[in-house]
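Biologist: Can you take me through this one? Please keep it plain, I'm new to reading structures.

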Number of protein chains: 2
Amino acid sequence: MLSKSQIKLITSLKQKKYRLQHGFFVVEGLKGIAELLNSELELYQLYTTESFEDKSEKEVLITAAELKKISFLTTPNKALALFKIPKIKAIQTNGLVVALDDVRDPGNLGTIIRLCDWFGVKELVCSKNTVDCFNPKVIQATMGSITRVNVSYLDLERFLENQTMPVFGAFMEGENVYSSALPEQGVLVMGNEANGISEAIENVITKKVSIPRFGDLQATESLNVATATAILLSEFKRAK
Amino acid sequence: MLSKSQIKLITSLKQKKYRLQHGFFVVEGLKGIAELLNSELELYQLYTTESFEDKSEKEVLITAAELKKISFLTTPNKALALFKIPKIKAIQTNGLVVALDDVRDPGNLGTIIRLCDWFGVKELVCSKNTVDCFNPKVIQATMGSITRVNVSYLDLERFLENQTMPVFGAFMEGENVYSSALPEQGVLVMGNEANGISEAIENVITKKVSIPRFGDLQATESLNVATATAILLSEFKRAK
């Protein structure tokens with residue numbers, strides 16, 4: 001059974017300010033929850049239509065109708081869990097770091113977190129206006145990768161200014177990435193969906209790179225930020 | 001002013017069967033409409049809150065409240081147009097062809113069409129169960145690329161069986177794509193979001209390729225089909 005106050009708490013977590021206030025975020029679906037249970041994240045409460053035997057003390061059995069009331073999904077998937085938002089971890093700047101300058105779309109951030117995980121990028125640093133990584137749509141898109149990539153929100157300009165590693169930025173008019181020397185240590189900055197990298201951040205970039213366009217030169221406007229990140233991470237990581 | 005029958009026609013076009021019946025598809029937003037007006041696609045009717053001077057004979061001026069009634073978007077964007085679904089064009093199999101085996105998500109298909117456009121891939125062939133390219137969410141995600149990529153729906157198994165070009169498929173356990181010989185002419189097959197490439201299609205693939213994983217080997221399950229397509233197209237097109 002779900003109480004009114006539980007429903008109110010859970011549905012409030014769609015908004016960042018309530019996530020910060022309560023310190024919880026929402027994960028839905030058996031597979032996503034299982035991945036997070038298997039990580040160092042701490043479960044707070046599990047609302048489920050099927051018992052997870054070993055989690056009984058934190059488990060609340062609910063009906064499908066109750067799940068529908070608290071779910072953020074059009075098609076709820078058997079269970080919804082609240083996990084504690086983890087403590088902020090120090091950034092380890094060895095290896096490749098990805099930096100996001102105001103990426104706003106939750107699906108894009110989720111996909112980029114998953115790409116970092118695939119390509120072994122441990123640190124993702126984000127400008128303060130980048131969408132929150134505990135947004136339910138981001139969590140749904142990461143497929144558990146959120147547990148393996150350290151996502152930090154900070155003053156991106158100051159962070160980049162203080163780097164001794166080279167800072168690469170994705171631009172339309174940069175050097176052809178296929179012929180660029182790409183080091184193992186560095187920061188790769190990706191910009192906002194509509195405006196790209198802001199002027200303030202552009203000023204602290206040491207090398208501009210771009211993905212050459214093979215189609216009609218007058219046509220395709222740009223690549224989506226998540227697909228551009230995929231291609232650039234692949235270039236950094238493949239054997240040269 | 002919008003009549004009831006116009007509203008009924010437009011809103012019905014969310015569904016494939018009505019698109020096929022009427023022969024129209026919907027594009028929304030000034031930018032998307034402008035791109036399509038600039039192509040060989042034929043405009044049928046333009047519903048807009050601001051006049052497009054040179055289109056007056058096909059233009060219906062409407063209010064923002066009327067636009068809200070016919071729009072498929074949460075935030076309607078000034079205009080909505082119906083274009084005629086173009087006649088089926090013959091497939092030209094020279095160069096690289098991308099083939100999709102039951103890709104179901106409209107956002108993924110839209111992103112893949114945009115990637116084909118970027119990388120100069122003219123032909124995208126789709127299994128019959130792949131999401132319809134005139135679905136409004138696909139059109140919204142393609143950003144005009146739909147006018148420059150020929151998308152065909154066909155019996156994919158038969159199409160691939162009859163190819164003389166090599167047929168590549170993206171698999172988890174394929175040859176490392178970074179060290180594979182990738183020809184200029186060929187077909188690249190990408191699979192369904194949940195199940196990958198089906199057994200029937202697997203049987204007609206001549207070479208399996210995969211994108212190596214650099215992160216924790218036990219962890220990241222897979223890449224999204226659109227990001228995997230981005231990386232593989234980049235590999236086919238970059239100078240080796």
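Predicted model: local features only at pLDDT ≥ 70, side-chain atom pairs only at ≥ 80, totals over all residues.

Biologist: Which helix is B:Gln6 in?

Modeller: B:Gln6 is part of helix α1 of chain B.

Biologist: And what lies 2.9 Å from a polar atom of its side chain?

Modeller: The backbone nitrogen of B:Ser3 does.

Biologist: What about B:Ile7, where is that found?

Modeller: B:Ile7 is found in helix α1 of chain B, which covers residues 4–12. With neighbours within four places in sequence left out, B:Ile7 is in contact with B:Leu2, B:Lys69 and B:Ile70.

Biologist: How far is B:Ile7 from B:Pro86?

Modeller: Their C-alpha atoms are separated by 23 Å, and the two residues are 79 apart along the chain.

Biologist: Let's switch to the two chains. How many residues does each give to the contact?

Modeller: Chain A gives 34 residues and chain B gives 34 residues. Together the chains bury about 3000 Å² between them, with 60% of that on carbon and sulfur atoms.

Biologist: OK. How many salt bridges over all chains?

Modeller: By this rule, 22.

Biologist: Back to the interface. How many residue pairs are in polar contact between the chains?

Modeller: Ten, counting pairs with both residues at pLDDT 80 or more. On the chain A side, the elements that give two or more residues are α5 (106–118) and α9 (225–237). The largest share comes from α9(A), with seven residues.

Biologist: What classes of residue are on that side?

Modeller: The side of chain A that touches chain B has 14 nonpolar, nine polar and eleven charged residues.

Biologist: How are the two copies related?

Modeller: Chain A can be laid on chain B by a turn of 180° and a shift of 0.0 Å along the axis, with an RMSD of 0.0 Å. The two copies are therefore related as by a two-fold rotation axis. The same surface serves both copies, as 100% of the contact residues of chain A recur in chain B.

Biologist: New topic. What domains is chain A divided into?

Modeller: Domain 1 runs over 4–84 and domain 2 over 96–237. The C-alpha centres of these two domains of chain A lie 30 Å apart. Their contact takes 14 residues from domain 1 and eleven residues from domain 2.

Biologist: What area do they bury?

Modeller: Domain 1 and domain 2 of chain A bury about 1000 Å² between them, 63% of it on carbon and sulfur atoms. A:Arg19, A:Phe25 and A:Glu35 supply 39% of the area that domain 1 buries against domain 2, more than any other three residues.

Biologist: And how many salt bridges between these domains?

Modeller: Two between domain 1 and domain 2 of chain A. Separately, the rule finds three residue pairs in polar contact across that interface, both residues being at pLDDT 80 or more.

Biologist: Which elements of domain 1 give two or more residues to that side?

Modeller: Those are α2 (16–22), β1 (24–28) and α3 (30–37) of chain A. β1(A) gives the most, with four residues. By class, this side of domain 1 has eight nonpolar, one polar and five charged residues.

Biologist: One last thing: what does A:Arg148 meet in a salt bridge?

Modeller: The side chain of A:Glu35, at 3.7 Å from N to O.

Definitions and conventions
Residues numbered from 1 in each chain as written. Chains lettered and ligands numbered in written order. Heavy atoms only, no water. Contact = heavy atoms within 4.5 Å. Buried area = accessible area lost by both parts, 1.4 Å probe. Polar contact = N/O pair within 3.5 Å; in protein donor to acceptor, adjacent residues only side chain to side chain. Nonpolar A, V, L, I, M, F, W, Y, C, P; charged D, E, K, R; others polar. Least-squares fit on C-alpha atoms with pLDDT ≥ 70 in both. Domains from an automatic or database assignment. Salt bridge = Lys/Arg side-chain N within 4 Å of Asp/Glu carboxyl O.
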